Amino acid sequence: MATSIKKIVAASLIGTTIEWYDFFLYGSAAALVFNKLFFPEADALTGTLLAFLTYAVGFIARPLGGLVFGHFGDRVGRKTLLVVSLLMMGTATFLIGCLPTHASVGAAAPLLLTALRLVQGFALGGEWGGAVLIVSEHGEAERRGFWASWPQAGAPGGNLLATGVLAILAATQSDEAFLSWGWRVPFLLSGVLVLIGLWIRLSITESPLFLEAPKEERAPIVGVLRHHWRDVVVAIGARLAENISFYLLTVFVIAYAKTVKVDNSTVLDAILIASAIHFVTIPMWGALSDRVGRRPIYLAGAAGIGVWIFAFFPLVNTGNFLAITLAVTVGLLFHGMMYGPQAAFFSELFGTRMRYTGVSIGAQLSAIVAGALAPIIAVAMLKAYGSSVPISIYLAIAALLTLFAVFRARETQGRDLAERITVS
């Protein structure tokens with residue numbers, strides 16, 4: 001019996017929210033406590049840089065996860081791989097909450113942290129493609145942008161959840177208590193969330209398009225590289241500004257705020273409010289792309305964030321809560337204009353039996369040069385120049401590259417996903 005599109009959307013949204021909660025929780029903890037607990041011998045900014053390096057390791061594992069999960073997702077189905085990815089991510093996050101610190105086991109602590117971060121990245125690399133595809137392949141073409149944008153809302157949903165838990169702990173605990181044991185609570189909570197996600201994901205049906213599609217390639221990656229390499233390049237370029245901006249706005253800003261003497265609770269509360277608005281507006285951008293096309297909305301978002309970033313840091317510098325909230329909220333609105341239509345846009349570029357591989361490889365390769373390096377590059381620039389201007393220029397250049405990639409892409413709105421596409 002076919003599962004309703006609303007139940008498919010709910011299963012994908014809850015699953016991606018949990019997975020992004022796990023992934024973003026690490027990034028927030030890297031900015032707040034990991035530098036002190038796992039790299040205590042370095043100065044504050046260098047310790048933060050080292051913590052972000054372990055954070056980046058998760059991105060390095062994502063293309064491998066995308067390749068492995070994409071291969072089996074195109075061979076055996078979307079549903080099974082989504083269950084596996086959720087289990088892997090949840091287990092790794094729970095174990096991070098159990099880790100001994102540098103004070104207990106010395107150099108082994110950051111090594112164990114890095115190993116678990118690799119597992120997180122591998123799992124997330126496989127999660128994203130399957131979550132957006134199982135929705136895209138169940139829904140009708142006329143509303144695909146809207147329905148497929150809901151798993152995308154799992155990113156701000158997960159960030160909202162992670163930041164909310166951290167904000168509550170920061171507000172109710174002393175700095176000493178949070179550093180001693182409080183930081184572990186959000187990681188251990190992941191175990192409960194994963195059980196909820198698994199219960200929901202196991203109840204949905206496989207993608208009907210996948211079940212009906214003929215097997216075209218024994219190795220889907222071969223088909224992607226043979227027929228869709230240009231689409232992979234488009235996906236990589238399209239994600240640059242989207243990925244870099246998101247991690248600057250929600251992860252790096254926590255570390256940056258410390259350098260301008262803004263307390264943790266202020267910036268966490270600002271991100272909390274902005275993420276809630278982001279969560280609500282992503283499906284709106286997806287729905288708008290069903291009316292006017294994927295490319296116009298995406299292009300507007302890339303242009304907007306390339307300009308707004310020059311106002312973003314001066315607003316954070318004020319230390320004013322309302323100004324910081326405005327800075328993050330507007331930035332995330334421009335990000336949502338790219339992220340909302342992205343799921344449908346990327347899904348419509350590839351044929352069914354190579355779609356999981358295609359969207360995963362394109363999206364996750366970009367994550368290495370964009371999301372992985374963004375906080376590291378930003379911290380290094382801040383350390384070298386003592387100014388946010390080079391960081392703004394860095395994102396503006398990425399926005400130009402994204403504009404070029406999306407401008408050169410074909411419009412995909414309304415494409416029949418059952419159609420056999422073998423050429424770009």
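Residues are numbered from 1 along each chain as its sequence is written, and side-chain values use heavy atoms, with hydrogens and water left out. Because the model is predicted, local features need pLDDT of at least 70 and side-chain atom pairs count only at pLDDT 80 or more, while totals for chains, interfaces and linings use all residues.

**Exercise 1. Describe how Phe38 and Trp183 are arranged as an aromatic pair.**

Solution. Start with the rule: rings of Phe, Tyr and Trp (its six-membered ring) pair if their centres lie within 6.5 Å, and planes under 30 degrees apart count as stacked, over 60 as edge-to-face and the rest as tilted. This rule gives a count of 14 aromatic pairs. For Phe38 and Trp183 the centres are 6.2 Å apart and the planes make 85°, so the pair is edge-to-face.

Phe38 lies in the loop between helix 1 (5–37) and helix 2 (44–76), and Trp183 in the loop between helix 8 (175–182) and helix 9 (184–201), so the pair ties together parts that are 145 residues apart in sequence.

Last, Trp183 also forms an edge-to-face pair with Phe187, at 5.9 Å centre to centre and with 75° between the planes. Trp183 and Phe187 are both buried, and Phe38 is buried as well, where buried means under 20% relative accessible area, exposed over 50% and partly exposed in between (1.4 Å probe, protein chains only).

**Exercise 2. Find which residues line the largest cavity, and sort them by kind.**

Solution. A cavity is a set of points, on a 1 Å grid over the protein atoms alone, where a 1.4 Å probe fits but cannot get out, and its lining residues have an atom within 4 Å of a point. The structure holds 1 cavity of 30 Å³ or more, and about 40 Å³ of space lies in the largest cavity, a volume being the space filled by probe spheres set on the points, which are joined across faces, edges and corners.

The lining consists of Trp20, Phe24, Ala155, Arg239, Glu242, Asn243, Phe246, Tyr247, His335 and Tyr339. Helix 12 (229–259) gives the largest share, 5 residues, while helix 1, helix 12 and helix 15 (321–347) each supply at least two.

By kind, the lining has 6 nonpolar, 2 polar and 2 charged residues, with Ala, Val, Leu, Ile, Met, Phe, Trp, Tyr, Cys and Pro counted as nonpolar, Asp, Glu, Lys and Arg as charged, and the others, Gly among them, as polar.

**Exercise 3. Decide whether Glu348 is buried or exposed, and name its side-chain partner.**

Solution. Glu348 lies in the loop between helix 15 and helix 16 (355–385). With a relative accessible area of 0%, Glu348 is buried. Its side chain makes a polar contact with the side chain of Arg144 at 2.8 Å, a polar contact being a pair of N or O atoms within 3.5 Å in which, within protein, one must be able to donate a hydrogen and the other to accept it, and residues adjacent in sequence count only if both atoms are side-chain atoms.

**Exercise 4. State what sets the phi of Lys261 apart, and where this residue lies.**

Solution. Most residues other than glycine have a negative phi. Lys261, although not a glycine, has a positive phi of about 65°. Lys261 is placed in the loop between helix 12 and helix 13, and at 75% relative accessibility it counts as exposed.

Definitions and conventions:
Helix = DSSP H or I, 4+ residues; strand = E, 2+ residues; numbered from the N terminus. 1 Å grid on protein atoms, 1.4 Å probe; cavity = no way out; pocket = protein on both sides within 12 Å on 5 of 7 lines; lining within 4 Å.
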